[in-house]
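This briefing is meant to be read with the sequence and the coordinates side by side. It begins with one residue and its surroundings, and then turns to topics that can be followed in the viewer.

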Amino acid sequence: MMIVLGITGGSGCGKTAVCEHLMDLGIDVIDTDKVARMIVSPKMPALFEIEDEFGSAYLNEDGTLNRKKLGELVFSDPDKLLALNKITHKYITQYVLEYIKNCENDMVAIDGAVLLESEIATICDYIIFTEIIVELKSHYYEEDLHYIIATFCYNSKSLCSERSFRNEF
């Protein structure tokens, strides 16, 4: 039976370090940031939908997405951000589901900063929230997991029992 882990947390809080550790253990990791970039490549359906929703002004001359310009728009208007997420999240979720379906391992991890804001959280058996002790952040290196605090949630379908622990990989 496949076990699906969700890894989430803020920027610079140890998601990548936790995922690298999981990969060292032989667990497949899906990086949703990379998937998000892939699904908006030229000639991909998500990019066509983005163009339909926001206009061709948000594409570069070579047909690629002008991420900076679109970012300025969506991060200044919550309704535009919702519209963008509605487009991209369905394609990211579709990719993740297909990956899991074809995965030969018994466990897969999904690295996603906005995991809980998407449908992907509902397919996770467990979710690990990473954060870092602020006072120690300046001393943090991705190879050093001792400062990462991970809150491990059982049964993500109900989004968490109140069980957390300091993760000292």
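Leaving aside its neighbours within four places in sequence, which residues is L22 in contact with? The model is a predicted one, and in it L22 is in contact with L5, I7, I27, V29 and A109 once those sequence neighbours are set aside. L22 has its place in helix α1, which covers residues 15–24, and it counts as buried because its relative accessibility is 8%, where buried means under 20%.

**Overall architecture**

- The secondary structure of the protein chain comes to 5 helices and 6 strands, and these elements follow the pattern β-α-β-α-α-α-α-β-β-β-β when read along the sequence.
- The protein chain has 169 residues, of which 38% count as buried, and it exposes about 10,100 Å², with carbon and sulfur atoms supplying 53% of that area.

**Nonpolar cores**

- In soluble globular proteins, nonpolar side chains tend to be buried together.
- The largest nonpolar core has 28 residues, and those with the most contacts inside it are I50, F54, L70 and I110.
- At least two residues of this core are supplied by each of α2 (32–39), α3 (45–54), α4 (67–74), α5 (78–102) and β3 (107–111), and the largest share, 7 residues, comes from α5.
- Apart from this core lies another, of 9 residues, which includes V18, L22, A109 and I128.

**F54 and its aromatic partner**

- Leaving aside its neighbours within four places in sequence, F54 is in contact with L70, L73, V74, K80, A83, L84 and I87.
- A search of the whole structure finds 2 aromatic pairs, and in one of them the rings of F54 and Y58 have their centres 6.4 Å apart and their planes at 70°, so this pair is described as edge-to-face.
- The angle decides that description because planes over 60 degrees apart count as edge-to-face, and both F54 and Y58 are buried.

**Salt bridges**

- Side chains of opposite charge can pair when their charged atoms come close, and the count of salt bridges in this model comes to 2.
- K90 forms a salt bridge with E49, with the closest N and O atoms 3.0 Å apart, and the pair links distant parts of the chain, since K90 lies in helix α5 and E49 in helix α3, 41 residues apart.
- Both partners count as partly exposed, K90 at 42% relative accessibility and E49 at 24%.
- The side chains of K68 and E72 also meet in a salt bridge, at 2.9 Å from N to O, and because these two residues are 4 apart in helix α4, they are separated by about one helical turn.
- K68 counts as exposed, with a relative accessibility of 63%.

**Surroundings of E51**

- E51 lies in helix α3 and counts as partly exposed at 28% relative accessibility.
- Leaving aside its neighbours within four places in sequence, E51 is in contact with S56 and L59.
- The C-alpha atoms of E51 and L65 are separated by 8.8 Å, the two residues being 14 apart along the chain.

**Cysteines**

- A disulfide is a covalent bond between the sulfur atoms of two cysteines.
- With a cut-off of 2.5 Å between cysteine sulfur atoms, the count in this model comes to 0 disulfides.
- C19 is buried, with a relative accessible area of 2%, and C124 is buried as well, with a relative accessible area of 0%.

Methods: Residues are numbered from 1 along each chain as its sequence is written. This is a predicted model: local features need pLDDT of at least 70, side-chain atom pairs count only at pLDDT 80 or more; totals for chains, interfaces and linings use all residues. Side-chain values use heavy atoms; hydrogens and water are left out. Buried means under 20% relative accessible area, exposed over 50%, partly exposed in between (1.4 Å probe, protein chains only). A nonpolar core is a set of buried Ala, Val, Leu, Ile, Met, Phe, Trp, Tyr and Cys residues joined through side-chain atoms within 4.5 Å. Contact means heavy atoms within 4.5 Å. Accessible areas come from the Shrake-Rupley method with a 1.4 Å probe; for residues, only the protein chains shown count as cover. A salt bridge is a side-chain nitrogen of Lys or Arg within 4 Å of a carboxyl oxygen of Asp or Glu. Rings of Phe, Tyr and Trp (its six-membered ring) pair if their centres lie within 6.5 Å; planes under 30 degrees apart count as stacked, over 60 as edge-to-face and the rest as tilted.
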